[in-house]
Amino acid sequence: MKTSPMPAAGRLKKTLALAVLAGLMLTGCGGKQAATQPAAAATAVAQTIETVTVPSVTGLALDKATDQLKDLGFEVDAKDTAHGKSIMVKSNWQVTTQDPANGAKADKGSTVHLGVKSLDDIAAEKAAADKAAADKAAAEKAAAAAKAAAEKAAADKAAVDQAAAAKAAADQAARDAAAKQAAQAPAPAPVAVPAAPAPVQAPAAAYYANCTAAKAAGAAPLYRGQAGYSSSLDRDGDGVACER
């Protein structure tokens with residue numbers, strides 16, 4: 001077992017204690033009281049000398065933490081703080097807590113209590129934490145994608161609505177301009193429709209064997225209902241015979 005080097009102040013105190021003890025013994029001070037006082041003084045000096053600073057062993061494997069503490073003169077008590085399992089192979093366990101804490105002063109030979117957790121439990125907890133982090137990252141990514149899609153859809157709809165509004169405004173402006181132009185333009189002059197020539201009245205008993213006879217008589221053209229009109233003379237059946 002390794003031992004820490006004794007500081008100079010400790011050696012001086014030990015020397016003084018031994019000198020006091022030797023002086024008392026040489027003076028012949030007997031009796032129970034004389035023997036008790038030097039022993040008490042030597043014990044106090046010894047306790048001062050044997051106080052050691054507790055190192056930090058949190059995060060170390062239990063076997064390494066145990067070796068380090070025992071090298072300093074401490075006893076070690078380790079317990080599974082997660083499930084209370086029995087500790088068989090110290091290298092399979094990791095220190096999670098310690099009492100006394102790092103930097104505290106403790107006597108050599110005193111016990112340092114360690115809380116430990118198995119490496120399997122630590123690995124399982126890490127895997128669960130990694131999965132939770134991955135799930136969270138995936139959820140955040142999906143939420144960001146959904147938000148981006150919603151924003152794009154909103155922007156597309158706004159663009160369509162804007163284009164439709166612009167077209168409607170342009171169409172209305174065109175209608176307004178056409179109506180204004182129509183209101184300002186002069187009314188078109190009425191188109192004169194030539195009157196149909198008055199039919200030549202033929203004698204009531206007129207009869208024409210053909211259009212040549214009707215034309216010779218000056219009665220062509222003949223209109224339906226007019227004396228001398230015959231459907232035999234109206235080849236196209238339009239009510240006007242011998243028009244050509």
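Predicted model: local features only at pLDDT ≥ 70, side-chain atom pairs only at ≥ 80, totals over all residues.
Q: Fine. Where does K117 sit, then?
A: K117 is in strand β5, which covers residues 111-118.

Q: Is K117 buried or exposed?
A: Buried. Its relative accessible area is 17%, and the cut-off for buried is under 20%.

Q: Which side chain does K117 make a polar contact with?
A: The side chain of E125. The polar contact is 3.2 Å.

Q: What else does K117 touch, beyond four places in sequence?
A: Its contacts include D80, A82, N92, W93, Q94, T96 and I122. E125 is on that list too.

Q: New topic. Where is T66?
A: In helix α3, residues 62-71. T66 is buried, with a relative accessible area of 5%.

Q: What lies 2.7 Å from a polar atom of the T66 side chain?
A: The backbone oxygen of L62. Outside four places in sequence, T66 is in contact with V76 and K90.

Q: How many disulfides are in the whole structure?
A: One. C211 and C242 form it, with their sulfur atoms 1.9 Å apart.

Q: Left-handed or right-handed?
A: Left-handed, because the torsion about the S-S bond is about -85°.

Q: What does the pair tie together?
A: C211 lies in helix α5 (residues 211-216) and C242 in the segment after β7 (240-241), so the bond links parts 31 residues apart in sequence.

Q: And the accessibility of each cysteine, C211 and C242?
A: C211 is partly exposed at 21% relative accessibility. C242 is buried at 4%.

How values were computed: Residues numbered from 1 in each chain as written. Heavy atoms only, no water. Helix = DSSP H or I, 4+ residues; strand = E, 2+ residues; numbered from the N terminus. Buried < 20%, exposed > 50% of the residue type's maximum accessible area, 1.4 Å probe, protein only. Polar contact = N/O pair within 3.5 Å; in protein donor to acceptor, adjacent residues only side chain to side chain. Contact = heavy atoms within 4.5 Å. Disulfide = S-S within 2.5 Å.
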